[in-house]
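Please look over this note on one helix pair and on the ligand site. The points are numbered for reply.

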Amino acid sequence: MHPDRYESWGRFPKVCRQEVRSLRFRSDPLPEAEGPLLPYGLGRSYGDSCLNEGGTLLSTTNLDRLIHFDHERGILRCEAGVSLAEILRLTVPRGWFLPVTPGTKFVTLGGAIANDVHGKNHHADGTFGRHVRCFEVLRSDGTRHLCSPEENAGLFRATIGGLGLTGVVTWAEFQLRPVSNPLIEAESVRIRSLDEFYEVNAASEADYRYTVAWIDVLASGRNLGRGLYNRGNHAAPVTADLPKLRWGSRLAVPLDAPGWAINPLTVRAFNFAYYHKQLRRVQAGLLPYEPFFYPLDAVAKWNRVYGKRGFFQYQCVVPTGSEAMREIIRTIARSAEASPLVVLKTFGDLPSPGMLSFPRQGITLALDFPNRGERTFRLFEELDRLVADAGGALYPAKDARMPPAMFQRSFPRWREFATYVDPRFSSSFWRRVTHEF
Ligand SMILES: Cc1cc2nc3c(=O)[nH]c(=O)nc-3n(C[C@H](O)[C@H](O)[C@H](O)COP(=O)(O)OP(=O)(O)OC[C@H]3O[C@@H](n4cnc5c(N)ncnc54)[C@H](O)[C@@H]3O)c2cc1C
């Protein structure tokens, strides 16, 4: 693929001076390359944490071999470029599921480790890194380090959530979760406000492994925070024939949509229809796992609907119950800038293993904003103030613009982490957020 095509999911910033080298075998040395190096998986990070202006990306998708699968214990060892989609294809028919999955299965194992990704089960199981048993890190001096919670523990904790800066993970081994079938017993509950979100969430977290809410971010006043609360568990064993999974055809957005396609009117209309599509307060049923976990994967390249200027995702976490989340949603509603895809979820108290992991106890909101230049940046400054005053943080995997001061305050272990950064590795994100301020 042409180097210009190695972009991030949000397609901002545009990076032109960037070389690409492919890693072919896990036993190979790192290729000769100009400038700083950075591993690149499937580019599902939204901003510049997977970009390397003036340097070289090390594409990992050819590191796609399975090394060992212990069917009895559900322990899988594979190369770091294998995607979660491929892992699921192998393991689900054998009764094993990912311990944690993000909202798309088109991410690599290496990318899942480097961002210490979280899923709908954070309150029950924490982040992906908690389920990783060991991996190998290849550094630019040619040394290889086997890392686990017991061996090279410092490098292990730096590499989990380490944004690809500590070297290349060549392979990793992790623990899967047993499942009886590919189905989810899912429920959707209509919630009328943010207070109701907290109530339903508190009542759901003990009984449901997976919880997340979609909210109508344009609703204000007493409707602020209204939406649909989704919860689910892996289905119990069933004796009858299971319904056949049909998830074959993937639609694609063929062209860049015009920049105005996402505007307050279209978003308001979508939100209204989506909220009212559910007539009963609670709707329940059996769902294949794919639409439950990965509804957006049904539309390939959906990021193009935001046009060539790209878009931002703003994902923050603030302490649960703080007034900050209400004020953040109010500010976004007033601006009428956001897209319809707004996700609200609480993170539990299970500690993340990585020094730079984003998840921490609190409530997290994630939503997209089309890139409208200065006015989008001004809104983010307002939101940053609310997040920072509440002692919250922004997710580096989704970020393309947070100021260095914000990063350094909300990731207090970043200086300790920096001692593990490989001297030849860097990224556009890292150079941006580690500036003195
Ligand atoms: C639709 C959608 C939904 C999402 N939902 C969630 C979610 O629910 N939760 C969540 O946490 N995230 C979510 N994400 C973000 C996504 O899970 C992460 O950005 C993930 O890390 C992307 O993996 P990737 O393979 O595409 O890696 P890239 O984006 O290519 O790279 C990510 C980072 O990993 C590093 N890296 C890649 N491979 C290696 C390797 N072999 N060794 C060392 N470092 C490596 C890169 O240098 C970079 O820093 C979502 C993204 C999308 C597009």
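1. In this predicted model, helix H8 (residues 323-335) packs with helix H9 (residues 374-389) at an angle of about 170°, and their axes lie 9 Å apart. Angles over 145 degrees count as roughly antiparallel, and H8 and H9 are therefore roughly antiparallel to each other.

2. On the H8 side, the contact is made by Ala324, Glu327, Ile328, Thr331, Ile332, Arg334 and Ser335. These residues meet Leu379, Glu382, Leu383, Leu386 and Val387 of H9. Sorted by class, the contact of H8 with H9 holds 7 nonpolar, 2 polar and 3 charged residues.

3. Which residues come nearest to the ligand? They are Pro39, Ser45, Thr108, Gly111 and Tyr395, out of 35 residues around the ligand. The shell divides into 19 nonpolar, 14 polar and 2 charged residues.

4. For Gly103, a backbone N or O atom is 3.0 Å from a ligand nitrogen atom. For Leu163, a backbone N or O atom is 2.9 Å from a ligand oxygen atom. A polar backbone atom of Val169 lies 2.8 Å from a nitrogen atom of the ligand.

5. How much of the ligand does the protein bury? The ligand taken alone exposes 970 Å², and the protein buries 96% of that. Strand E2 (37-40), helix H2 (109-114) and strand E9 (168-175) are the elements that give two or more residues to the shell around the ligand.

Conventions: Residues numbered from 1 in each chain as written. Predicted model: local features only at pLDDT ≥ 70, side-chain atom pairs only at ≥ 80, totals over all residues. Heavy atoms only, no water. Axes fitted to C-alpha atoms, helices over the stretch in contact; angles between N-to-C directions. Helix = DSSP H or I, 4+ residues; strand = E, 2+ residues; numbered from the N terminus. Parallel < 35°, antiparallel > 145°, perpendicular 65-115°, else oblique. Contact = heavy atoms within 4.5 Å. Nonpolar A, V, L, I, M, F, W, Y, C, P; charged D, E, K, R; others polar. Near = heavy atom within 4 Å. Polar contact = N/O pair within 3.5 Å; in protein donor to acceptor, adjacent residues only side chain to side chain. Areas by Shrake-Rupley, 256 points an atom, 1.4 Å probe, with all protein chains shown as cover.
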